[in-house]
Structure formats: structure tokens, C-alpha cells
Amino acid sequence: MEQRSQLYGVMGEFDTPEQIMAAARKTHEAGYKRVTAYTPFPIEGLAEAIGFKWTAVPLLTMIGGLGGGLTGFAMQYWMMAVSYPLNIGGRPLNSWPAFIPVTFELTILGAASFAVFGMLALNKLPEPYHPVFNVDRFAHASTDKFFLCIEARDPKFNLAETARFLRGLNAQHVSEVKDE
Amino acid sequence: MSASEPPVNSPDLRRLDPVLAPGHTYASVTDKIAAVVLTRPLGIGWLAGFTVAFGVVMVLFASLAWLIIKGVGIWGINVPIGWGFAIVNFVWWIGIGHAGTLISAILFLLNQKWRTSINRFAEAMTLFAVACAGIFPLIHTGRPWMAFYMFPYPSTMGVWPQFRSPLIWDVFAVSTYGTVSLLFWFVGLLPDLATLRDRAKTRTQQVIYGALSLGWRNSAHHWHRYQSAYLLLAGLATPLVLSVHTVVSFDFSVAIVPGWHTTIFPPYFVAGAIYSGFAMVLTLAIPLRKVYGLEDFITMRHLENMAKVMLATGLIVAYGYFVEFFMAFYSGNKFDVFLATQRLHGPYSHFYFALILCNILTPQLLWFEKVRRNVVALFLMSLVINTGMWLERFVIVVISLTRDFMPSAWGRYSATFWDYSTFVGTLGLFVMLIFLFVRGLPAIAISEMRELVAHQSNGKKENE
Amino acid sequence: MEKLTSPYKWGMVIDLDRCTGCGACVVACQAENNIPVVGKDQVMRGREMHWIRVDRYYHAESATNDASTYSPSLDNPETFFQPVPCMQCENAPCEQVCPVDATVHSAEGLNDMVYNRCIGTRYCSNNCPYKVRRFNFLRFQDWDTPQLKLMRNPEVTVRSRGVMEKCTYCVQRINNVRIDAEKQNRPIRDAEIVTACESACPSEAIVFGNANDPSSRVAKLKAQQRNYSILAEINARPRTTYLAAVRNPNAELEKA
């Protein structure tokens, strides 16, 4: 199999959240669409600045919650009133007040699991390999530096021009990101 | 510090206790916290403490083995007191766990910055407390090897669990609580695991943290979804934590036993859980910050705030005690009135008075700023409060069972060696897990601390 | 959904006037139902296994004995005995709290204890206001001595460690009679089922029967004015009721 190292993109490193926010806005204004940013902590508004629109996580959570709750109640009703009804101290078979705690807990469980696994799935995690890890400086993304990467897939991408553009935004280091 | 700020020792500055000591950068907070896991050598203190805790866990295993071999009769329970230490311990441990979720979820929703340096180990505390708690409902049954009957699976007998029973509600509530707490904790840990992966000093560390971090690369798109999920989890965990201890309180309030059958229990138990939980967080935070030099991150502001929460929840618990008495007498129900007087005059009244001393009287010292700002006093206070909360569960569970409706069936409860050894064993398990956690995972949420640094430097810029 | 019904409504009446506190019912029940002897140490710990117990109530009007009047005193109180088996409550508090359906209500009104389903949480015992339930805290049964196997009643399960047990209205006797009656294609007659405690009682204080049959002894006794249930305010609706003791001593008799 051919082991050709392809170019993934160009990445610039910044020192503060304000710098990367400004850089991100300028990059978006310049017409670049395939842009990703990497920060050691979440920055308000950064994802939107580089084109992120909408996340399905809240919707998934609601689906999980409703599903969990309905399953919980239906399960209890079916088990207590349909499948094997028993006289338990003369209590009604459909003791819906008594079914509330389990229904509530399963709602929360459903919602929380869908939120977490939905978030991971939408983020396509686990993803043990990604080209940005090939840049040595990138380890700082989990400590104290902020990175802006313009992908080679972007229609406006040109290695020399895009690198110059990033340098023009006062990036500290501009590196090529190779996919190896 | 600019010239306009007051000098170091003035009372005005004390009120401005920072959430994060000034002078830190993204790198310095990361270095400090990650170093505890990655580079700091295992000191004699850690090794000695771990060895002792491990020994106590062996005592736990021996107690559990003897329990399975002989039966639940090795404990002090009988008829009428069918529930003794095991259920007291279960409720105590679950209660302790609630503070972690409150700090993580509720303080997050309330935008309280002081949650940041304490939420990680508080959540770990929750998980370990739930683990210790979960042992008891399993082992206290007469036939624990059949405890799976409580789960809704299609059985050969065709029967299902009996969903009207509070014990089944417990199964679902505690399982959900453990799962959601674990998910919440893990989600919070993801970015920090990535940090440890990127700073790993050995290949083993790199592989383990790399695997656990799932390839997290701090992408802004990922952060966006992450924030969304985190906020939703916090919003879900809040009613969850309120509901779990409510469901645990239903074990008692749904029964007809006088002294148990009272509607004050759900809020009283939840407040008590937060009370004991914060006490345990203090018990852990104070040595942790001292030993690992984390006073810049867990500051006096945190300790004082936790003390204030303890005081507030202590007052709610005191209100609960008052309502119990009031409702007993107001109802005129002879059994409830009798039970209330039994707490004061009966054979176990000394436990009740010890409880009042530990839970109501001693914590009133927290009204005084001098006490709240004295680290040793806070540590001792946290131990006293947790003792008091244990006594509270003992008073509720055991005293009500000793003397209920029919005098011919009254009895006495006397704990045996195995009751104590099992309880102490779970304390050892908890301590051992905390020791492992402190060295294996970042005890403070690194990425959130970086947010605090950013927030602080923004604040500085606004002042300039 | 099929609803199980039955023409029989089992009930029991215990006449407290007739009960002398002899304890024969306790012994008979133990023999009939393979109840283990737990030994002095376990009894001291509160773990005796008798399914029926005899409660004693003392009545005293003064502290010391006054020979001139018939007046019970602390030195010489009046004693009332009350045998307490399982009440077989219609609104059983024990059934509601069992997490695994190990105690359920039969169509004939019996609170059925399902040994093989019981996982031993003891919540039912806590919730029983009459405290008639017994728990096998240890393996109280002797599995080893061969002679003891001959002693046991083969019609009653021998319970092992970790399960709850209680008075069953001698359900094995009920079922035996029911089988016979079905074979002979006739209804069960009154006084045909005799529970162990009923058979041993020398003064016939315990009466068991079908409360649905107005001609049965049990139905007639339950209709009496003296009939009451204990802890009635809890609304557990016990099927075991009592006839209140009435004492009316002749004052002349005591003065002698």
C-alpha cells in the first residue's frame, strides 16, 4: 500500500482567546469554510465564528428522555397489570402513583445516556488518530495555546497563500499539518 | 495588584477571597495539577495510607465472606429490628454522595465559579460513596445470590419485580444515579485525560490516558457539543440528585412504622444528604490541598462557602427534626406520640441526644467567621457532622423499629462485631479509592481551571 | 385478564374468653409446620421462630392486694391471653413493600408466602404492624441429623437460610381438603379444615372456616358483638379477628 503523506491543512498558533477569536472572524470573512479551531478550554462564540450552526445534542437528549420515560411506564404497567397481575395487598393493578419514581429515573437515565453517547457520536469519538496530532506543537492545545487550522479540503485553500494569510493574523507558529 | 486595592490583612480583602489565587496562567494551573498524577513520586505518606486502607478493605472482604457463609444472623438484627447497621450505612453513604452531584450540577447551573476547583474530586467522592453504599442493599438480603430477582428480566417463574415497593424504586434510583454520575464525571474528565495524554512521561501513561481520552483533540466544534451535553447533564443531574435521596427516604416514609411514616422525610433527607456530603468534601479537601500544595486553587473562599452551605443545610435538618416532633404531637396518633417521646426517654435516647449535639448544636459555631476560616476547626467540624448524620440514620432506622405498634413484639438492637467490621471496611474501601484517584486522575478539573484563569484575566482587563 | 375468584373466604376467630394461655397452639403449629428450634442464645437475640405467639396482658387497678375487695393489683393482676397468628390482612402492609412478589394475596384471602421467591430484604417484617413474620437469620434447620428428617411434616416446605416465613392458616391442610372435595365433586364443609392450632386448643378458642358461608361457625362468630380486629385503625383488614374477653366475676365469690 502506498504510504504517501498528504497535506491535511495549515495551522496557526495563538496565545490568547481574544487573538484566536479575532483570527477566526477574519478567516471566516476571508471566505474560508473548512476551518477548525483547537483550544484548551471552550471559548464562547468561537465555534459559531468559524461556521458551526446547530447541534443535535439537545434534541437527542429529549428523545432519550421521552423514550426512557415511556419505556419505564409501559414496562411497569405491562408487568403489573397485563403479564402477571397479582393481588398485592388489594392495591390497584395500575398503581400509577407508585409507578412514578421508576418512570422518572428511567427518563433521566435515557436523557443522560443519549446526551453523552449522542455527543460522542456526533463528535465522532473515539477517534484515536487525527492529522493534527502530527504537529509537535499541538500538544500545547491541551495546555495553553490556541490553534486555528484551515483544511486543505477548503476550496479557497492554497498552501502558500493560506500560510501567508495566517501569518498575517499574527499567528505565532504556522505549521503544515500532514496526514501520515 | 493595583494601588487602589486594600492592603493584605484588612477585613475588606478577606471578603474578596479569590476563587483562584492571582498570578496563575493556563500553563501553571495545568502543570500544578497534572504534576500530582504524572511526575510526583509516591511518597511514604501515600504508601502508608494506601497500605492501611487496603488492609481495612481486606477486613471488609473477610466480613462479607463470613456473611455469605453464615448468613445475615451474624449481625445484630432480629424481629422486630429487621434493618440495622446495613441500612443505616447504606443511607449514610448515599447521602454523602449527593454533595458531589450538587457541586457539579447545581452550582454549575447557578454559575458559581467556586465550584471549579472542588467539583472533580467531589464527583469522584460521589462515585466512591455510591459504590460503598451499593454494597449494602445487596448484602443485607437474606439471599444475596438471588438479588437479581429485583431486576425486570423475563424469569422462569413468569413473575416480575413488584414495582410498588420502595426497594425497587431504590434499585432504579441508585442505579440511575451511579450511571449518570459516572457519565457526568467521565465527560468532565475527557479534556483532562487528553491533557494527561499529551504530557505523559511514560509510554504506559500515554497509552492509558490516550485510550481513556477517546482521541479528544479540543476542537471548537467538539467543545460546542460538549458544552451542550454538559449543560444538559447538569440540568438532568439536578432533579436526579433530589429524586434519589427522596426515593431512599421513601423506604421509610412509605412504610407504616411510626416514626417512619412522615411526609417531612423527602426534603429532610435531601437536606441531610447535602449536609453530610459537604462535610465529607471538606474532610477530603482540607488534607488534599495541604498535602499537594493546592491552596492556590482550593482557597479560603471555597472552604468558607462550603461551611456556609453546611450551616444552611444543617438548619434545614434542624427544621426537619422539629417538624417530626410537631407532627407527631399535632396528629395525636398515639403511636407517633409514643415514638417521639421514646426518642427522648427510651433505651436509645442517648443516641438521640448525641445526634442533637453533633448535628444541631455544634455546627452553630459556623455562624462565627473565625470558626469558618479556621481550617482545623472546619476539618473537625466535618467529622462531627458526619458522625451526627450517621447517628441520625441510626435513630430513624433502629429506634422506630424497636418499639412500634404491639408491645409484645418490642425488641432491642445490639450491633455485633461484624456490623462494625463491615462498616469500617467500607470506610477503608472509600479511602483506598480516594487514594487511587488522587494519584491516577487529576483531582481538579484542569480545563475548567483554565477557564477561570481566562475569566480572571478578563476581569483584570476590565479593571484596567 | 382473568380474575381469579373463589367461593371461599378463609377467616379465623379466636375467643379470648376461652383462651387459657396454655400454649398448646404454639407447640402444635411448630410440629405441623416444621418450625425450627433456634436455641436459647438466638431467642435472647429476638429470633424465635414460632409462627403463633401468645401475648399476655395484665390488668391491675391498684398497686397492692386488698383482700376485702375483688380488685386486681400489681401483686395479683388479671391476665388476658391473646394468641397472635398471621392476620392474613386484606390490605396487607407486608405485600406492598416486598420488592420481588414473594408475598402475594390469594383469591381466597390468604397472604401467601412464596419461599422460593423471597430474597430476604425483611421489609415485610418491618412493615407488619402485628410483627407475626419470622425470618431465618441463620440456617436454623438441622439438615444433618437423620432422625429429625422423620420428625418433619412432608407436606410443608422446610425453609432454609434467608427466607421469611409466617402462619399460613395451615394452607397444606386447606389444600388437602380442597383436593378431596374436588375429587368428590362437592363444596368444602364447615369444620372440615382444622388448622393445627385449632386442633390442639383444649378450650376450642380458635375457630377456622369460610366466612362467606353464613352458616359456618366462623361467620356466626364474626357477626357477634364481641368480635373485633386488633389495630383496626391501620385499616389492614385482618381476617383473623378476636372475641373480646368479658369478665364478670361474682363479687361474693372473691370475698371468701
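# A tour of chains A, B and C

Select strand β1 of chain A, residues 6–14: six bridges tie β1(A) to β4(A), and the two run antiparallel. This is a predicted model, in which local features need pLDDT of at least 70 and side-chain atom pairs count only at pLDDT 80 or more, while totals for chains, interfaces and linings use all residues. Residues are numbered from 1 along each chain as its sequence is written, and chains are lettered from A and ligands numbered from 1 in the order in which they are written. Helices (H or I, at least four residues) and strands (E, at least two) are DSSP runs, numbered from the N terminus. Strands pair if DSSP finds at least two bridges between them.

**Stop 1: the sheet of chain A**

Click Gln6(A). Its bridge partner in β4(A) is Asp179(A). Now show the whole sheet. Four strands of chain A form an open sheet in the order β2-β3-β1-β4, with antiparallel pairing. The edges are β2 (35–38) and β4 (174–179) of chain A, each pairing on one side only. Neighbouring strands here are turned by 25° against each other on average, direction ignored. Axes are lines fitted to C-alpha atoms, for helices over the stretch in contact, and angles run from 0 to 180 degrees between N-to-C directions.

Helix α1(A) lies across β1, β2 and β3 (146–151) of chain A, at about 15° to β3(A). Contact means that the C-beta atoms of two residues, placed from the backbone, lie within 7 Å.

**Stop 2: chain B**

Chain B has 16 helices and zero strands. Its C-alpha atoms fill a box of roughly 75 × 55 × 45 Å along the principal axes. Of its 464 residues, 52% are buried (20 or more other C-beta atoms within 10 Å of the residue's own; exposed is 12 or fewer, partly exposed in between; C-beta atoms are placed from the backbone).

Bring chain A back. Which elements of chain B give two or more residues to the side that touches chain A? The contact takes 51 residues from chain B and 53 residues from chain A. The elements of chain B are α2 (26–38), α6 (166–198), α8 (220–253) and α16 (446–463). Helix α8(B) gives the most, with 17 residues.

**Stop 3: chain C**

Turn to chain C. Eight residues of chain A are in contact with ten residues of chain C. Select the open sheet of four strands in the order β8-β1-β10-β9 of chain C, where the pairing is mixed. The edge strands are β8 (206–210) and β9 (227–228) of chain C. Four bridges join β1(C), residues 10–15, to β10(C), residues 240–243, and these two run parallel. Val13(C) stands opposite Thr241(C) in β10(C).

Last, select helix α1 of chain C, residues 24–32. Cys25(C), Val26(C), Ala28(C), Cys29(C) and Glu32(C) are buried there. Seen down the axis of α1(C), these buried residues fall within an arc of 165°, so they line one face of the helix. The arc is that of the directions from the helix axis to the C-beta atoms. Their cover includes β2 (53–59), β3 (78–84), α7 (196–200) and β8 of chain C. After α1(C) comes Asn34(C), with a positive phi near 55°.
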